[in-house]
Every structure is written in C-alpha cells, then in structure tokens.
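Q: Can you walk me through this one? I'd like the packing, helix by helix.

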Amino acid sequence: MAYNTAIKCFVAYGTARGNSHDVGDLRQASAYEASARSAYDVAERLADILGYPKSKVDQDFALAQAQELPRFVQDRTYLARTITTCGLAGL
C-alpha cells in the first residue's frame, strides 16, 4: 500500500506543481516539484525492497498517471485531499 500511495502522491504533487506554475506561484511550484521527486524516490526504494522489476514500476507509474491525472485536473478538492493525505503519510 505504501508503494501505491507514493506513486499516487508523485502524480498529485506533479499536478499541483503544474497548477501553481500556471498561476505564477513559482515558489509553491518548486515546493511541489521537490515533493514529487521525494515521492518518486520513495516509490522506487519500496519497489526495490519488494523486488519489483523496473518494467513493473514504469507500468505502475504510467497507470497511476492515466487514472489519477484526469481526476486531479477535474476535481481540485480530490487533489487537495490527496495532497493532505500524502503529507500525513510523510511524503
């Protein structure tokens, strides 16, 4: 579950980074970028621990982006709740 959460957080933070950048808040965009990188790194470390091959990890990231990105773009409340959950999870 932590692995999937880290991947979802990566997508959420990436979306939030884009939103912040679009409104000119470059400081917040930079903070979200750092959080996205951190979530990505956590997901990769967990994948190593779980023994997942790189192909599975790449597929999981692509699937999460395909499923979550449209929802994050359409539902800002869902995005905000997800980012809060990511923060509570230490990501």
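A: Start with a term: helices (H or I, at least four residues) and strands (E, at least two) are DSSP runs, numbered from the N terminus. By that rule, Ala-66 lies in helix H3.

Q: What should I know about the model itself?
A: This is a predicted model, where local features need pLDDT of at least 70, side-chain atom pairs count only at pLDDT 80 or more, and totals for chains, interfaces and linings use all residues. Residues are numbered from 1 along each chain as its sequence is written, and side-chain values use heavy atoms, with hydrogens and water left out.

Q: OK, back to Ala-66. Buried or exposed?
A: Ala-66 is exposed, at a relative accessible area of 54%. The cut-offs: buried is under 20% relative accessible area, exposed is over 50%, and partly exposed is in between (1.4 Å probe, protein chains only).

Q: Now the core. How many residues are in the largest nonpolar core?
A: It has 23 residues. A nonpolar core here is a set of buried Ala, Val, Leu, Ile, Met, Phe, Trp, Tyr and Cys residues joined through side-chain atoms within 4.5 Å.

Q: Which ones have the most contacts inside it?
A: Ile-7, Cys-9, Tyr-13, Phe-72, Ile-83 and Leu-91.

Q: And which helices supply it?
A: H1 (2-22), H2 (26-50), H3 (54-74) and H4 (76-88) each supply at least two residues of this core. H1 gives the most, with eight residues.

Q: Why would those side chains gather?
A: In soluble globular proteins, nonpolar side chains tend to be buried together.

Q: What does Leu-91 touch?
A: Thr-5, Ala-6, Cys-9, Tyr-13, Ala-39, Val-42 and Cys-86, not counting residues up to four places away in sequence. Contact means heavy atoms within 4.5 Å.

Q: Thr-5 is on that list. Where does Thr-5 sit, and how accessible is it?
A: Thr-5 is in helix H1. It counts as partly exposed, at 22% relative accessibility. Thr-5 and Lys-56 are 51 residues apart in sequence and 16 Å apart in space, C-alpha to C-alpha.

Q: What about Gly-18, buried or exposed?
A: Gly-18 is buried, with a relative accessible area of 16%. This glycine also lies in H1. Its C-alpha is separated by 17 Å from that of Ala-64, 46 residues apart along the chain.

Q: Switching to H2. What span does it have?
A: H2 has 25 residues and reaches 36 Å from its first C-alpha to its last, close to the 36 Å expected at 1.5 Å a residue. The expected span is 1.5 Å times one less than the number of residues.

Q: Which H2 residues are buried?
A: Ala-29, Tyr-32, Ala-36, Ala-39, Val-42, Ala-43 and Ala-47. They pack against H1, H3 and H4.

Q: What comes just after H2?
A: Gly-51, which takes a positive phi of about 75°.

Q: How do H1 and H2 pack?
A: At an angle of about 160°, with their axes 8 Å apart. That makes H1 roughly antiparallel to H2. Axes are lines fitted to C-alpha atoms, for helices over the stretch in contact, and angles run from 0 to 180 degrees between N-to-C directions. Angles under 35 degrees count as roughly parallel, over 145 as roughly antiparallel, 65 to 115 as roughly perpendicular and the rest as oblique.

Q: And H1 with H4?
A: Their angle is about 125°, with the axes 9 Å apart. That makes H1 oblique to H4. Contacts come from H1 residues including Lys-8, Cys-9 and Ala-12, and from H4 residues including Arg-76, Tyr-78 and Leu-79.

Q: What about H2 and H3?
A: The axes come within 10 Å and cross at roughly 140°. That makes H2 oblique to H3. Tyr-40, Ala-43, Glu-44 and Ala-47 of H2 meet Lys-54, Val-57 and Phe-61 of H3.

Q: Last one: where is Thr-85, and how accessible is it?
A: Thr-85 is in helix H4. It is partly exposed, at a relative accessible area of 47%. From Ile-7 it is 78 residues away in sequence and 13 Å in space, C-alpha to C-alpha.
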